[in-house]
Amino acid sequence: MNPRSASILERPIEYLKGVGPQRGALLQSELGIFTCGDLLQHYPYRYIDRTKINRITDISPESQYIQLKGYITDINVIGDKQNKRLVAIFEDQSGAVELVWFRGISYMEKYLQKNVEYLIFGKPNFFRNTVNFPHPEIEALSEQKSPETAARLQAMYPSTEKMKARGLDSKGMAKLLRTLLELLPPHELPEFLPEWLLQGYHLLPRYETYKNLHIPDTEYLIAQAQHRIKFEELFFIQLRILKIKEKHQKTQGFVWGELGAHFNTFFKEHLPFELTDAQKRVIKEIRKDTLNGIQMNRLLQGDVGSGKTVVALMCMLMAADNGFQAALMAPTEILAQQHFNSLSAMLQKMDLRVDILTGSIKGKKRRHLLEELQLGMIDVLVGTHALIEDNVLFKNLGFVVIDEQHRFGVAQRAKLWEKNQLPPHVLVMTATPIPRTLAMTVYGDLDVSVIDELPPGRKAIITAHRFESSRLQVFQFLKEQIAEGRQIYIVYPLIEESETLDLKNLQEGYENIVRVFPMPEYQVSIVHGKMKPAAKDAEMQRFKNGETQIMVATTVIEVGVDVPNASVMLIENAERFGLSQLHQLRGRVGRGAKQSFCILMSDYKLSQEARQRLQTMTETNDGFKIAEVDLKLRGPGDLEGTQQSGIATLRMANLIKDQDILQIAHQAAAEMLALDADLILPQHLPLRQHLTQLRKKQGLQWGKIS
């Protein structure tokens, strides 16, 4: 097929006038723009009102793109060869600035004239107490377009240094998009949303949307166009998630009619502590799910230490009472071993067998375990991704728990469904609290339960932020805690010294700690990700047994270490950690009845964002509040689990700023599926076709587990 005869939007980008092979290759490598359709979705990040004229005296370090009117009073070419640059002095009635060009010097030298009035437009740069404008847009007033044809609002586009060197700065991208829209007839950008949706939700038609995004006439039309794109993006995600939820609700599941000896005996005689009201509420929600004949898919959110594992265990006992096996899949061997130890301890007086399967269990032991599993001799199997291997066969798997589920891929989790003829009930657990808005979008296909209270007797962890000047006092506090019989974690962000980051590295930190806390009075463990598993486990076990008072570690201890006697978490260079990670690390302490502490050590120089993270940690222990702040600071694209739900593909919508549009999109998607679940009505066929193309392009899986 001749590329030039293809539909304009499908045409390779190099065939658009003004692009060509070299610029085309650059657009592909830098921005992933392969076709004219991709270019159309390269959205402006802001708009500049070109009718507004600024004064030089008003320029400040916070100034963004501004427009000035004045005269050039001096022109000089400075330096030679690679250091050559053209510098022009530009003045208005309030002051003077430098205009600087490093490329196109010969052309600009001929174009610029003294005492001619110019308009310049660009971003000011501050260098050695002077203001300059590198490569500004410049236009003599005598050349300016008439007010009737000049665009008042100028779209500003993301670009890169490599693109700017090829003339594809914001102005160059705007020129390409204008060329594309002039070529593009409305029928080549057909509407796929049905008329009832456009009218009912007051949405701009598709062609008008793109025209007003790239060549806007008014701020109102820009807002309308942006609203349409945001609605569209969120509507597609909601359609997908609600469709998956509908499939879940039609999937036949096991009915657990009995609450028998295992559940009741454990609850009355062996429960290690009284359940909180939140735990009881969640168990009732799960019990209700197992009675309706539909396969359960439930997300259990609970902060670190909230008692999710006990809830999972109670559900495993329900399964056992009804003749089913249960499995718990964890992302790491350390965490799997911890779950195995915890479940084994709680069930030691019960007539149930718990076993563990990980990659390190091999040979005869593994074969024997798999045989017993298939015969039904193992009631609860804990493991890593080894559980989903084809040769791992259960006699009657009825309940699956997936811990820290975001660490498993969709296909990996779906394999657990195939371990029985009817799919088992699924409980997905996460200790990373998810704000309601994000949960609705990422896990909207799952029913959500929340454990929002800690077990009785737990004291809130006291968190403090300290600078280097307080180090001696901090070390003295650690010695006092150790003297009281407590243990300490000290976490560093790096293993070895980095030339680029001035951080406290683990090895240097360990040596310093050993000097401050000398043997034989103190014993210090060291754990990091580069250690062999056996050595790492041995060090962790020493700490757990109380043989060492201090564990110096990297974030390898973020999950999988549970030492109730550890009462202090000291985090070095805390400004280098994300909020979610800081919260997870803090959750390693506060597991016993004694008061626990988290100390955040940082440099004096902190960015505004780092300061906000540390302040948030000192102000609250509430994981949901922390997750809300984290989402605002980082955006949803950085949070785990977003790729599989399409959030990572959001180009314009923002889950924090656009919550109102998300609610509307959710309502519209529910309305659409209620009217035409399979999108087979004639007015919905364009939408169905568009979704098919979108899925192919984004590689989204509309599988059973999302």
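## Helices 19 and 20

Helix 19 and helix 20 cross in a right-handed manner (the near helix is turned clockwise from the far one by less than a right angle). Helices here are DSSP runs of H or I with at least four residues, strands are E runs of at least two, and both are numbered from the N terminus. The model is predicted: local features need pLDDT of at least 70, side-chain atom pairs count only at pLDDT 80 or more, and totals for chains, interfaces and linings use all residues. Residues are numbered from 1 along each chain as its sequence is written, and side-chain values use heavy atoms, without hydrogens or water.

Helix 19 spans residues 579–586 and helix 20 spans residues 608–619. Their axes lie 10 Å apart, at an angle of about 30° (axes are lines fitted to C-alpha atoms over the stretch in contact; angles run from 0 to 180 degrees between N-to-C directions). From helix 19, L579, L582, H583 and R586 meet R613, L614, T616 and M617 of helix 20 (contact: heavy atoms within 4.5 Å). This contact has 4 nonpolar, 2 polar and 2 charged residues (nonpolar: Ala, Val, Leu, Ile, Met, Phe, Trp, Tyr, Cys and Pro; charged: Asp, Glu, Lys and Arg; polar: the others, Gly among them).

## Helices 9 and 11

Helix 9 covers residues 261–270, and helix 11 covers residues 308–321. Their axes come within 7 Å and cross at roughly 145°. Helix 9 brings A261, H262, F263, F266 and F267 to the contact. Helix 11 answers with L313, M314, L317, M318, A320 and D321. The residues of this contact divide into 9 nonpolar, 1 polar and 1 charged.

## Helix 12 and its cap

Helix 12 runs over residues 333–346, which makes 14 residues. From first C-alpha to last it reaches 20 Å, close to the 20 Å expected at 1.5 Å a residue (1.5 Å times one less than the number of residues). T332 caps its N-terminal end. A side-chain oxygen of T332 lies 3.1 Å from the backbone nitrogen of L335. The buried residues of helix 12 are I334, L335, A336, Q338, H339, F340, L343 and M346 (buried: under 20% relative accessible area; exposed: over 50%; partly exposed: in between; 1.4 Å probe, protein chains only).

T209 sits in helix 7, residues 206–214. T209 counts as buried because its relative accessibility is 1%. Leaving out residues up to four places away in sequence, T209 touches L204, A225, R228 and I229.

E188 lies in the loop between helix 5 (170–183) and helix 6 (195–200). With 22% relative accessibility, E188 is partly exposed. Beyond its neighbours within four places in sequence, E188 contacts S7, I8 and L9. E188 and I8 are 180 residues apart along the chain, yet their C-alpha atoms are separated by 7.3 Å. A polar atom of the E188 side chain lies 2.9 Å from the backbone nitrogen of I8.

Most residues other than glycine have a negative phi, and most peptide bonds are trans. N573 has a positive phi of about 50° and is not a glycine. N573 is in the loop between strand 21 (566–571) and helix 19, and is buried at 8% relative accessibility. L679 also has a positive phi of about 50° without being a glycine. L679 lies in the loop between helix 22 (659–675) and helix 23 (685–698). L679 is buried, with a relative accessible area of 8%.

M519 and P520 are joined by a cis peptide bond, with omega about 0°. P520 belongs to the loop between helix 17 (506–516) and strand 19 (524–527).

Notes: Polar contact = N/O pair within 3.5 Å; in protein donor to acceptor, adjacent residues only side chain to side chain.
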